[in-house]
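Morning, everyone. Let me put the structure up, and then we'll walk through it.

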2 protein chains.
Amino acid sequence: MEARMKVFSDAGFAGSALDTLRQGLDGHELILPKVGTTSVLEQAATEPALLEAEIIVGQPAPESVLASAKLRWLQITTAGYTRYDTPEFMDAARSKGLVITNSSHVYDQPCAEHALAFVLAQARELPLSLRSRINPGTPEWHELRGRYRMLGGQKMVILGYGAIAECLVEMLAPFDIEVVGWRRKARGDEKVPIVSEAELPVVLGSSDHVMNILPDNAATQGFFNSERFAQIKPGAAFYNIGRGTTVDQDALVEALRSGHLGAAWLDVTDPEPLPEDHPLLAFENCHITPHTAGGHLNESETLVWHFLGNFRRFLDGQPLKNRII
Amino acid sequence: MEARMKVFSDAGFAGSALDTLRQGLDGHELILPKVGTTSVLEQAATEPALLEAEIIVGQPAPESVLASAKLRWLQITTAGYTRYDTPEFMDAARSKGLVITNSSHVYDQPCAEHALAFVLAQARELPLSLRSRINPGTPEWHELRGRYRMLGGQKMVILGYGAIAECLVEMLAPFDIEVVGWRRKARGDEKVPIVSEAELPVVLGSSDHVMNILPDNAATQGFFNSERFAQIKPGAAFYNIGRGTTVDQDALVEALRSGHLGAAWLDVTDPEPLPEDHPLLAFENCHITPHTAGGHLNESETLVWHFLGNFRRFLDGQPLKNRII
């Protein structure tokens with residue numbers, strides 16, 4: 001059993017989630033900032049108390065993390081961790097012997113459900129069908145019925161093949177849809193074939209569904225540019241539930257304006273939200289949700305449970321879930 | 001090998017579907033009506049040529065079927081078969097030794113995809129989210145994220161547990177949602193527990209998703225009346241992808257008007273389409289597609305392939321698929 005530890009949280013937990021966290025720490029000390037943040041996407045201001053903590057859960061400034069002498073483990077309360085994902089930070093964190101985990105498990109399942117909701121809404125033409133009141137038996141009705149494409153026999157490529165993709169692939173198993181993935185470094189234990197970057201043009205050219213779950217980093221910014229969109233099969237559906245910055249928004253607009261893409265389903269854009277006069281808002285086949293794919297009822301509680309599970313493992317010397325370094 | 005058989009089709013197949021049918025009959029005679037029908041839901045007028053056929057594929061009038069002296073097998077080109085589903089017709093058909101099959105296999109998969117599209121669109125609040133352009137990090141954004149309910153841990157009851165339900169249950173397997181079914185006569189080989197009619201009030205009262213796939217017949221008309229809706233758990237989502245007549249439309253309106261139902265997702269209504277001033281069209285949480293759940297690209301070809309598969313089995317003396325009697 002470890003001595004009484006100091007756990008700093010700037011995650012903005014409140015109400016029952018905060019109660020759950022406090023009880024779950026089981027006598028270890030919880031330190032809260034004077035001014036909390038309310039969004040899992042926001043970065044907290046540096047707090048002197050943070051520098052005393054052995055464990056941090058939240059979104060502390062990278063420089064605060066590196067300035068902390070006692071810190072042993074940081075659990076980030078998001079799936080993405082762009083602000084920490086620089087060679088400088090990661091090298092410094094490694095040399096300090098820091099353990100860093102994220103909360104991707106909390107967002108995998110809802111993000112995958114959001115992604116599949118998009119895919120099925122596209123396959124069943126829900127936006128069109130829900131506003132259609134045509135008469136069964138008419139030619140227009142037959143035309144609409146004929147627009148639906150069953151997922152069986154179609155192809156999907158998932159870019160940014162990680163934890164969300166693994167969830168999505170499990171959900172797609174009953175549909176007989178052919179799925180391949182692409183990621184920076186293949187591990188070899190993925191549930192679908194992982195293609196190389198050199199194979200991407202051919203794969204994009206034969207996929208009916210292009211699912212972008214890329215994280216935001218120096219290598220992915222503007223990954224979907226004019227050249228990539230031109231490689232996509234005409235009429236295919238493009239999805240983005242990763243980060244808006246991975247897509248050149250002008251190139252996406254052009255791919256929709258030219259009719260090259262069949263549809264776009266976006267949970268993320270750049271910027272967020274889009275300004276009122278943004279051209280993406282004008283396309284009938286561009287469907288946008290406001291960066292809510294990871295959201296779910298009791299999200300704060302789920303984040304706390306995920307942290308407390310890792311906290312037990314940390315105390316017991318067990319491997320942590322969602323470990324980054 | 002059977003002698004050359006006469007196959008009458010009033011299914012309105014045209015173009016490549018008709019070519020496929022003709023080629024697939026492999027020398028057996030295809031007889032077409034003088035005036036075809038264009039909808040799989042329409043009933044054809046009686047044709048003298050029909051009375052000469054040993055096999056019929058389509059939607060012939062029940063009295064024509066019974067008047068035919070040579071008929072051995074009728075394949076209905078829909079999943080539903082209301083107009084044939086009377087004791088009088090079935091008894092007469094049995095005493096003539098008729099084999100009757102339907103085309104439920106052609107519609108199971110697209111109907112189940114449509115149903116799951118509804119369920120996920122509801123879980124991810126797509127109608128609301130797709131028109132929302134709120135700013136990440138704001139209280140409104142947190143409120144929206146908190147509305148989403150992950151399917152895991154929720155409960156669904158499927159009424160009219162048949163081939164579509166079996167497909168849907170397979171699709172729901174990755175979600176850890178608890179599913180039970182109800183049907184007129186349990187077979188014992190269903191993939192989920194089948195509850196009795198006496199258990200329905202309790203099951204409806206604990207289900208977050210009430211999936212109605214009931215067919216239309218004397219026993220199901222108005223099945224969902226005021227009493228049944230009152231049994232449903234407050235806030236639950238109600239789906240109808242069966243037939244509109246199984247729901248008392250006034251009772252459904254009242255269940256929505258009172259706020260008792262969380263949402264309704266309907267592919268079928270009574271009548272179809274609803275008149276412009278129908279109260280169901282006024283609810284923001286009532287989502288209607290125009291009886292298109294079974295539709296899919298190349299629907300006619302799929303119907304022909306399904307018929308030809310059974311035609312081969314018929315010639316070979318093998319059991320037919322989707323046999324009714």
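The contact takes 58 residues from chain A and 58 residues from chain B, where contact means heavy atoms within 4.5 Å. This is a predicted model, where local features need pLDDT of at least 70, side-chain atom pairs count only at pLDDT 80 or more, and totals for chains, interfaces and linings use all residues. Residues are numbered from 1 along each chain as its sequence is written, chains are lettered from A in the order in which they are written, and side-chain values use heavy atoms, with hydrogens and water left out.

Now, area. Together, chain A and chain B bury about 4800 Å², that is, accessible area (1.4 Å probe) lost on being put together, summed over both. Carbon and sulfur atoms hold 61% of it. On chain A, three residues supply 15% of the area buried against chain B, more than any other three: A:Arg124, A:Arg133 and A:Arg145.

A:Arg133 also pairs up. Its salt bridge partner is B:Glu276, with the closest N and O atoms 3.2 Å apart. The count between the chains is 4 salt bridges (a side-chain nitrogen of Lys or Arg within 4 Å of a carboxyl oxygen of Asp or Glu).

Which helix of chain A gives the most to the side that touches chain B? Helix 4, with 10 residues. Helices here are DSSP runs (H or I, at least four residues), numbered from the N terminus. By class, that side of chain A has 30 nonpolar, 18 polar and 10 charged residues. Nonpolar means Ala, Val, Leu, Ile, Met, Phe, Trp, Tyr, Cys and Pro; charged means Asp, Glu, Lys and Arg; the others, Gly among them, are polar.

Note on methods. Buried area = accessible area lost by both parts, 1.4 Å probe. Helix = DSSP H or I, 4+ residues; strand = E, 2+ residues; numbered from the N terminus.
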